[in-house]
Amino acid sequence: MEKITKMIVINSSKLLPSDVAMKLYETKDDIMVKETCFGIMVSGERAVLDPLLSNIRKLDPYGIFIKERGFAPGEPFRCRATRRGGARPGFHNLETEDKILPHIANALKSLDRGEIPGPKKQTKKLDIDKLKAIIKETEVSK
């Protein structure tokens with residue numbers, strides 16, 4: 001059995017991380033749940049976690065984002081307690097990702113409504129002769 005850890009990042013106006021944690025505790029599955037400042041870390045067997053987290057994501061499909069994490073909670077390489085504090089490695093990346101989650105949620109909603117974005121407007125490149133003319137006009141005579 002493969003043991004994995006997943007990070008659940010919650011960017012929702014409907015749910016709090018504690019709400020999701022309570023749902024995870026209610027399952028009574030053999031998993032480890034840790035609430036964090038950005039959401040929740042869950043560790044357990046892949047066969048248990050994958051279907052469980054699919055159901056959790058249904059609580060707010062546009063506000064719950066889940067990704068796999070390489071280290072279990074409390075791993076000495078990542079744990080702040082063994083590194084004498086500071087931001088845990090990856091926190092600043094996660095903080096940056098958190099800022100774009102509302103945009104990703106809006107894009108997912110648009111796709112589910114069938115809205116397909118039109119082709120991106122191509123900007124026309126400046127003609128080389130026109131560029132040379134502009135340079136010539138702006139040159140200061142000696």
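## A walk around the model

Select lysine 34 to begin: at 39% relative accessibility, this residue counts as partly exposed. What you have open is a predicted model, so keep that in mind at every stop.

**Stop 1: around lysine 34**

Lysine 34 sits in strand β2. Show its neighbours and, leaving out residues up to four places away in sequence, you'll find that lysine 34 touches Gly39, Ile40, Met41 and Pro73. Pick proline 73 from that group and draw a distance to it: the two C-alpha atoms are 7.3 Å apart, although 39 residues separate lysine 34 and proline 73 in sequence.

**Stop 2: the largest pocket**

Which residues lie nearest the centre of the largest pocket? They are Lys34, Thr36, Met41, Arg80 and Arg88, out of 16 residues that line it. The space in this pocket comes to about 280 Å³. Colour the lining by class and you get seven nonpolar, two polar and seven charged residues.

**Stop 3: the second largest pocket**

Now move to the second largest pocket, with a volume of about 160 Å³. Its lining has 13 residues, and those closest to the centre are Asn11, Tyr62, Gly63, Ala105 and Lys109. Select helix α3, residues 91-112, next: five of the lining residues come from this helix, the largest share. By class, the lining of the second largest pocket splits into five nonpolar, five polar and three charged residues.

**Stop 4: isoleucine 10**

Go to isoleucine 10, in strand β1. Is this residue buried or exposed? Isoleucine 10 is buried, with a relative accessible area of 12%. Show its contacts, again skipping residues up to four places away in sequence, and isoleucine 10 touches Leu15, Leu16, Pro17, Val20, Phe38, Ile40 and Gly63. Two of those names have come up already: Ile40 was also in the list for lysine 34, and Gly63 was among the residues closest to the centre of the second largest pocket.

**Stop 5: the salt-bridge network**

Next, some charged side chains. Across the whole structure a search finds six salt bridges. Select Glu2, Lys6, Arg46, Asp50 and Glu68 together, as these are linked in a network of salt bridges.

Start with aspartate 50 and lysine 6, whose side chains meet in a salt bridge at 3.3 Å, N to O. Aspartate 50 is in helix α2 and lysine 6 in strand β1 (residues 3-10), so this pair ties together parts that are 44 residues apart in sequence. The two ends compare like this: aspartate 50 counts as partly exposed at 29% relative accessibility, while lysine 6 counts as buried at 13%.

Arginine 46, at 25% relative accessibility, is partly exposed.

Which other partner does arginine 46 have? Glutamate 68 forms a salt bridge with arginine 46, and the closest N and O atoms are 3.0 Å apart. Here the link is between distant parts of the chain, with glutamate 68 in strand β4 and arginine 46 in helix α2, 22 residues apart. Glutamate 68 counts as partly exposed at 44% relative accessibility.

**Stop 6: aspartate 60**

For a contrast, select aspartate 60, in the loop between α2 (46-57) and β4 (64-69). Aspartate 60 is buried yet has no salt bridge. How far away is the nearest side chain of opposite charge? That is lysine 14, at 4.2 Å, and a salt bridge needs the nitrogen within 4 Å of a carboxyl oxygen. Beyond residues up to four places away in sequence, aspartate 60 touches Ser12, Lys14 and Leu15. Leu15 also turned up among the contacts of isoleucine 10.

**Last stop: lysine 28**

Finish on lysine 28, in the loop between α1 (17-26) and β2 (32-35). Lysine 28 is exposed, with a relative accessible area of 75%. Check the backbone here: phi of lysine 28 is near 60°, a positive value in a residue other than glycine.

Note on methods
Residues are numbered from 1 along each chain as its sequence is written. This is a predicted model: local features need pLDDT of at least 70, side-chain atom pairs count only at pLDDT 80 or more; totals for chains, interfaces and linings use all residues. Side-chain values use heavy atoms; hydrogens and water are left out. Helices (H or I, at least four residues) and strands (E, at least two) are DSSP runs, numbered from the N terminus. Buried means under 20% relative accessible area, exposed over 50%, partly exposed in between (1.4 Å probe, protein chains only). Lys and Arg count as positive and Asp and Glu as negative; His and the chain ends are not counted. Contact means heavy atoms within 4.5 Å. On a 1 Å grid over the protein atoms alone, a cavity is a set of points where a 1.4 Å probe fits but cannot get out, and a pocket is an open set with protein on both sides within 12 Å along at least five of seven lines; lining residues have an atom within 4 Å of a point. Grid points are joined across faces, edges and corners, and a volume is the space filled by probe spheres set on the points. Ala, Val, Leu, Ile, Met, Phe, Trp, Tyr, Cys and Pro count as nonpolar, Asp, Glu, Lys and Arg as charged, and the others, Gly among them, as polar.
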